[in-house]
Amino acid sequence: AKDIGGGTAGSAGQGCRLNPPPVVTAGGPVVHRPGPAPNAAAMKVGLAFDIGGRGDASFNDASVAGLERAKREMGLAEVKELDAGAGEPEDAKQTRLRQLAQEGFDPVIAVGYAYADALKIVAAQFPRTRFAIIDEDLRGIPNVTPLVFAEEQGSFLAGVIAAHRTKTCHIGFVGGVRTPLIQKFEAGYAAGAKAAAPDIRIDRAYLTPAGDPSGFQDPNKGAEVAQGQLDGGADVIYHAAGASGKGVFSSVKSAGAKAIGVDSDQYRQPSVADYRDVIISSMLKRVDLAVFDYVAAAARGDLASVPEKFDLSLDGVGYSTSGGMIDDLVPTVDAYRAAIATGRIKVSDRP
Amino acid sequence: MRTEVRTGTATGRPQRARGPVPGWAHAALWVVVGVVAVSFASYQTGLPQLTSSGTVQSAVRLGIPILLAGLGGLWAERAGVINIGLEGMMILGTWGGAWAGYQWGPAAGLLAAAVFGALGGLVHAVATVTFGVNHIVSGVAINLLGAGTAKYLSTLLFEPVSKNPRESPPVPKFDTYSAQPLGAWLHELENLQRVGISDVAGVLGGLVTGVSPLTMLAYLSVPVSYLVLWRSRFGLRLRSCGENPIAAESLGVAVHRYKYLAVVVSGTLAGIGGAALILNPGQAGYLENQTNNRGYIGLAAMIFGNWRPGGLLGGAALFGYSDGLQLRSGGTTVHALLLAAALVLLVVAAAQLWRRRKLGAGVALVAAAAVLAVYLATDQLPEEITAYTPHLVTLVVLGAASQRLRPPAANGLPYRRGEQGARE
Amino acid sequence: MNTSAAAGTPAVELSGITKTFPGVVANSDVNLTVRTGEVHAVCGENGAGKSTLMKILYGMQSPDAGAVRIDGEQVRFRSPAEAIRAGIGMVHQHFMLADNLTVLENVVLGAERAHGIGARARRRVLALAEQAGFRVRPDALVERLGVADRQRVEILKVLYRGARIVILDEPTAVLVPQEVEELFTTLRTMREQGFTFLFISHKLDEVLAIADTVTVLRRGTTVGTVPAGEIGSRQLAELMVGSELPVPEHGGATATDREVLVVRGLCASEKDRPVLVDVDLAVRAGEVVGVAGVEGNGQTELVEAIMGMRPADAGTVRLGDRDLTRLSTLARREAGIGYVPEDRHRQGLLLDESLWFNRILGHQTRPPVARGRWLDRRGAREDTRRIVARFDVRTPGVDVDAAALSGGNQQKLVVGRELSGDPVLLIAAHPTRGVDVGAQAVIWEHLRTARAAGLAVLLVSADLDKLIGLSDTIRVMYRGRVVADADPRTVTPEELGAAMTGARGGEDR
Amino acid sequence: MSTWRARLLPPALAIAFSAVLCAAVLLASGADPVATLAQLVTQVGRGSTAVDIVNTAGAYYLVAVAAAIGFRMNLLNIGIEGQYRLGACAAAIAGGAISLPPGVHALVVVVVGAAVGAAWCGIAALLKVYRGVSEVISTIMLNTLAFGLIAYLTQTFGVLRGNTQGTRIIPESGWVPGIPLGGAGTVFGLVLLAVVVGIGYAVLLDRTRYGFELRASGLSPTAAAAGGVNHRRMVLSVMLLSGAVAGLAGLPEILGRDHTFTITFSAGYGYAGLAIALLGRNHPVGVAFGALLWSFLDKSSLTLDDIGVPREIVTILQGTIVLSVVVAYALVRRRELAAEQRRVGRATGTAVAPAAASTGGDRS
Ligand SMILES: Nc1ncnc2c1ncn2[C@@H]1O[C@H](COP(=O)(O)OP(=O)(O)OP(=O)(O)O)[C@@H](O)[C@H]1O
Ligand SMILES: Nc1ncnc2c1ncn2[C@@H]1O[C@H](COP(=O)(O)OP(=O)(O)OP(=O)(O)O)[C@@H](O)[C@H]1O
Ligand SMILES: [Mg+2]
Ligand SMILES: [Mg+2]
């Protein structure tokens, strides 16, 4: 007989024993944005992509979105993007940055921590060009501005949401490659879930160990890992697995469970539109915002105003509510958010 | 006049002591041993995942692309052409499948994957059969070419739609089917958690639920390959090209044509294997580097299976099973597998002893003890190892058993028409 | 063709066939007419073009010029398939069997249309075998069969295809006399049933025993066709060689008492199966010891064991007063053994390398081609030139690839190399196999000279006449054992043949 | 076959054919082949591209020689990918853990890299020699296993810098200084290692007994065995040698630039090495040209984004070159052998029709 999608995972069970959300009096994120957008009509911005490149529906695309907005609001003169290849050697990264700097792009934004070493060298060769790097806390080079995020804080909120949505008191996390960056997601997620429901069971898995990048590129494996967690009883799964996340969504959907997306609002993402009804929320990492803020600061000539870390208090990370599947949870999640933003809850970035 | 055909003369090899057990029963016996060992381990460690229907379904999903690639290898090598280009043909298959699939549905995708794979096979055939290029060299080049072509074409044709040069738009999938009420009944049995019965029910249940037409096609292609290759005129001729093409040609077999056909079929199967990566549920569409060396692993499964469809099925199943197990439930279950492995090794030792092969029995016994010791001394295996369990298993099994393997005699040798008898 | 008209249209008529290979004219204006229902022998020295002619008739090679007529109708075969359809079958000089397929599969391959590949085919095969007078096991793998059985499979293949014209290319080369007799019985039975045979053999007595008509080829052309009854073996040989048959001469005994090679109790096995059993052997300086035996009775293994290429299970090999038993092949060569392997293409030469590079092989540790761990390229070139001159190797230079030389010239190079560096012992396995007459003469001459100079020679050959002509003593091997000694001055080929088949013969040991 | 024509014609034909094919592909996809080529060539002059080409060619040369050593004996070391990465990883760990005087330090690192590469390949060699496992399959498996081992090693012996897991930084005493060319970049000092390996490979192959035995074994194992070459030992030693050279390939980058092995270390050289060895026909000089060509295509292609041509056209070009070069070699080799046989025939007079022709015909 033909199988009909949508299993009945977690239909039994009453969910977890939940802690009440923290009570925060001075509330909400303290978003302070410096003045109106400056004019950047003379500025040419170069963008060097990481593997995945344009169309990854993740941080590469988010950085493009930031620049698009800058174009609209500040009249940016020109934007040039260069793509990276998988497993490429270090000098290819240098060449890419150098090429942009040489052609007079300023600032040049390196998307991804893979550029850290290349940037150290190229930034020294072009002292008058301003560089930014996403996801790597590269300090101490005068013309390099790091744009980093508190992924663990956003993931904490994902954990809270998962804890409130599970009916089996059992949730899952699927990471692509076991790198320190992805482990931050895992750490925050687990902390958030435990904070909301101390008894909760959390399955965590990575597709490949560090150094084997195929973990971000193998939806089939993502599907199997998620299926394993679902069969084991988990009914909400959060992924930080790049393109492999599609596999996670697909398993979640056929099991009738729930999923939480990552980086951008995956509910609205065309490439996973088939699965949108199970994506209850996404952890947002606002690379677009950081890029926009950075370009604005550069246009003003005031790079010191770029925050050290884009965290919850700056809306640098957050969560999405598209689809309206967690509308009832918003007050609870926002309470946690406020607690983190005000520093009452500290989230560790190590699992 | 002495009339009887002598066997085992001074030149011939001694006749292998073949008991009354036919080959298929022999294989079935080993399957039973494997299932028993795994269910024993499952019972001992309290890890039902070892034989759960979910694990088996994973094994099927992960094993199908490998099975198809392996069958592709089988077809080519039985005709004497080594096909290490399976990976490239598989990549072409994923690309073609996604390209046609997203526009015209999964059936069209399957067809296109087959055609693209076949094109890859055709290139290999032209290089190896017509131009006599070293088969491995041609294969390496085809892998380069397949990857490059797929990348180039997706930049050209997918990017405008998917906004990503490395990815196709989502491809509609095949529906899946389950044999009901059998599946439900097996599921109930499995849930009883009775030793043995539930294990078998889990395995069988995994095989009959959530099956897509593509999976059925793959299941079918094993017996079909066997029947065609071993029970048909066509297959006899094809195999003769892999064993002794000169003899075949002297009997009027159009060796070149059969080699061409075999390699094209091989590419077709590899292409369908690629389609299995995108047209089965749970997968998105074409994605760069998605095949992830599955073509090579298919080749390994074929060698593992001693160039026979049944053995190849076993190899692909083992691969899919150990991969599925480690992906679904990580280190603990793979650790439990050690217990099962030790048990199987014990049976091997007993079998060797029964055949009066003392050395073999000793080696198997020592290996069993070593595996058992590792099992007892550790609680878990490092992730870096479990993630590559299938590869390690392949290497170990080849190391242990490769000397009994029997590749086609003329496999990989260049062959040119009209050179019969020259340089003998 | 005095009889062909009487028998109506000839079964086969080849006229003006010419075929050249790069550098070689294999056939030039060959004419051949075969009557229906006769056994027509084709004779000629090695390389005369017999096989090539047969391959042309069988559609395996296409002639550059000339016409083929079958039953009076002109045909042009582009493949064996077409020849088979025209009722021609061929049993090749080298067996054309797939080892890993069963007897049945080998027989029905290519003729599946007739009876399928299943039970019907099996019945048919059994019936055909019965008709031809032997039994087969259709499901046995061919790799487990002996030579005579393989040949029966080949004949079955031909019968199964309904051939009426059967080509047998040197079918007796690998058979012992008794088996030859069995084969002839089969052929006579089949001739009565209306089959036509083209029979190729070097063994003139066999030809005269079975053939109705004989055609002789020499250097690619027909030199004559005669009824077998009207010609003697001596005349036939004359036709083939073009002159008087040279009488095998011994050139006087030069054997000394000094034992150079002493083999004691040598045993070897292949996958638990013994291939050499307790072999004792001695070769003295200046002596040629011939080893006779049907192919596959341990001669190859004996040579390999003495050369250290095959591990011995027991026994010793001594060269002079040195024990070689534990030494590597290279060390044995350095100790003074020269080795002419039985298959020059597989074992003697690197076909894709130059002649001087080939000169180094086996001597890579010794002057004049090496100095310590370094090669002496100039030395190698010079010494190769010496061999080319002394052994009459026909080549434009020492830089051409070995593959470009003809078989005879290749073999002269190998023999020249192995006689370099003053060996004390030469092991020569089939040194003139597939070599033209001129080259054979050169090779024998050099062997005789070396023997006279005190070289000990262990000679393995399937050519009994040659063996008798050259050896001082002959050892016969059967099933891995040395079963008999023979004195070449008194022994006859028939006696040797009896010993080689395991019947009592020669001088008992 | 030693004529220059036979050596140079095939690669020239292959490159020409591939260029035509790629031009056709480009035209079909609406790009301008001439502009593409111009872009590729002019890129060499820009920035550090020329130096990058040389640097990468050095690494490519090493992997290609590793492949060529195997090819010479008909051994297909597909495992170079794993060997060079594992060798680089282990060498970086060793280099970071010790402290020795300059020069010696680097030497130790180089030796460790070679030893680990050899050991990894040695597994396949042992399996082949003693268990008859095809090196093709075993090295493919070992490539994947090397991933796991590298992950384990960098995890166990490494440190976390920012988001990147890597081995400890090698102290300055272990660095190999390069040749700085100002704005054009710095040529790695260890590119010279590639030159040395190349010369060593040439001498070994052409002038030594070992090289002779290697070539003989490759051309015909049976003939080599009859000539006293121990095939087993040759297989073992050749695979160890190939692995050792492969183990060096990552070191120019590590000792000359990165001073650490990170998990994002360059990948894919191993497969390139196989292709380059084929292109250069395992000849020390041919391989050098192959490495430069390959490196040029890789580095210059980075600029194709600029003119909107997909960079992957270069991968297609490379694949086509390899395939057509082997086809071209096969064809030219056939023609040359036939020509040589004719030559031999002419020189020795055997090609003339046999004299016996006059007595041909029927006698009866
Ligand atoms: N495929 C080939 N390519 C080039 N030369 C060939 C080829 N086949 C045969 N020859 C040459 O043609 C000549 C005739 O060979 P053929 O095999 O017909 O001789 P033969 O009479 O059968 O000899 P033998 O008694 O050794 O079987 C020989 O010089 C041989 O070297
Ligand atoms: N495959 C081949 N391609 C081209 N020429 C060949 C080939 N094989 C043999 N020849 C040519 O045929 C001639 C002799 O080869 P062939 O092997 O037929 O000699 P032969 O005297 O019959 O020796 P053998 O008994 O070893 O076959 C040489 O000129 C050789 O170059
Ligand atoms: Mg012949
Ligand atoms: Mg011949």
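Contact here means heavy atoms within 4.5 Å. By that rule, chain A and chain C do not touch, and their nearest C-alpha atoms are 38 Å apart. This is a predicted model, so please keep that in mind throughout. Five pairs of chains do touch, and chains B and C have the most contacts among them.

Now to chain A. Six strands form an open sheet there, in the order β7-β6-β8-β9-β10-β11, with mixed pairing. Which strands stand at the edges? They are β7, residues 201-208, and β11, residues 317-319; each has a single partner strand, so one side of each is left without a neighbour in the sheet. From one strand to the next, the twist averages 15 degrees.

Inside that sheet, look at β9, residues 258-263, and β10, residues 279-285, of chain A: these two run parallel and are joined by five bridges.

Next, the helices. Helix α4 of chain A, residues 151-165, packs on the sheet and touches β6, β8, β9, β10 and β11. Its direction makes about 165 degrees with that of β10(A). Helix α5 of chain A, residues 180-196, lies across β6, β7, β8, β9 and β10, and runs at about 170 degrees to β6(A).

Last, chain C. Strands β11, residues 259-270, and β12, residues 273-284, pair in the antiparallel sense over eight bridges. In this pair, C:V263 stands opposite C:L281.

Note on methods: Residues numbered from 1 in each chain as written. Chains lettered and ligands numbered in written order. Predicted model: local features only at pLDDT ≥ 70, side-chain atom pairs only at ≥ 80, totals over all residues. Heavy atoms only, no water. Pairing = 2+ DSSP bridges. Helix = DSSP H or I, 4+ residues; strand = E, 2+ residues; numbered from the N terminus. Axes fitted to C-alpha atoms, helices over the stretch in contact; angles between N-to-C directions.
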